[in-house]
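Please look through the structure below from its overall layout down to single residues. The paragraphs that follow take the sheet, the helix packed on it and the ligand in turn.

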Amino acid sequence: MKEKITILDKRTIEVNLPSVDGYERIAMESSASFAKIGGLARDRIEDLKTAVSEACLNAMEHGNKGLPEARVVVNMHLGHKNFRVWVKDEGNEIPHIPSTIDIRRKVERLEPPGGLGLYLIQQLVDRVDFSEEADGGHVIEMVLKMDNQTTPYPLDENQTQTAMGGAR
Ligand SMILES: Nc1ncnc2c1ncn2[C@@H]1O[C@H](COP(=O)(O)OP(=O)(O)OP(=O)(O)O)[C@@H](O)[C@H]1O
Ligand SMILES: [Mg+2]
């Protein structure tokens, strides 16, 4: 179990959503805008959008059991080498990521539909990890590597203010 540490700095943003169908697009578009500011390559932004959207849908549907009042909290951190996203729900299950999926059998309906989200996420990001938070809830962490990207925005001076006394 990991200690929840929230950093509030110029390189971190948070989007807090109810579990309402369609609102995953808010997190998806926010992640794209933020990654664009950080200079993430265009094709990787498309990967990021799909991964964030699938993770938010899972958080709403499976973690929060579709209860609209249950929140999904998405934190994003624009590092110098990584773009990191945490999607937190109010559940406590650690799902199993399938190592392979026979897409052809799915398309041809020889296997039940669904069960593609986690597989897709794993294919699209450089690292994915699940954990339970000390204060309750389940988090999926997704990391996309960046090649020492620079941003035209003044993000680096007087940078770190920690909300709970730590740093990632
Ligand atoms: N945030 C979560 N909390 C609890 N269980 C989860 C979570 N995310 C995924 N799971 C579990 O892992 C399974 C696989 O998730 P995955 O996204 O691959 O497929 P799906 O959501 O069932 O279907 P699809 O994403 O293709 O519409 C889910 O059916 C669910 O049991
Ligand atoms: Mg899913």
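Two strands pair if DSSP finds at least two bridges between them. By this rule, β5 and strand β6 (residues 138-145) are paired in the antiparallel sense, over 6 bridges. Helices (H or I, at least four residues) and strands (E, at least two) are DSSP runs, numbered from the N terminus. This is a predicted model, in which local features need pLDDT of at least 70 and side-chain atom pairs count only at pLDDT 80 or more, while totals for chains, interfaces and linings use all residues. Residues are numbered from 1 along each chain as its sequence is written, and chains are lettered from A and ligands numbered from 1 in the order in which they are written.

The predictor's confidence in each residue is its pLDDT, from 0 to 100. The chain averages a pLDDT of 85, and 84% of the residues score at least 70. Over residues 159-168 the pLDDT is below 50, and this stretch has 20 contacts in the model beyond near neighbours in sequence. Two residues are in contact if their C-beta atoms, placed from the backbone, lie within 7 Å. Where pLDDT is low, the predicted coordinates should not be read in detail.

The chain contains 4 helices and 7 strands. Along the sequence they follow the pattern β-β-α-α-β-β-α-α-β-β-β. Of the contacts in the chain with a separation of 6 or more, 69% are between residues 24 or more positions apart.

Strands of a sheet pair through backbone hydrogen bonds, either parallel or antiparallel.

A residue is buried if 20 or more other C-beta atoms lie within 10 Å of its own, exposed if 12 or fewer, and partly exposed in between; C-beta atoms are placed from the backbone. Leaving out residues up to four places away in sequence, S31 touches L48, K49, V52, M76 and V85. K65, in the loop between α2 and β3 (71-78), is exposed, with 12 other C-beta atoms within 10 Å.

At the other end of the strand order, R127 has V143 in β6 as its bridge partner. The hairpin of β5 and β6 has 5 residues between the strands, and G136 takes a positive phi near 95° there.

Last comes the ligand. Of the 16 residues around ligand 1, N58, P95, G114, G117 and L118 come nearest. A residue is near a molecule or strand if its C-beta atom, placed from the backbone, lies within 6 Å of it. α2 gives the most to this shell, with 5 residues.
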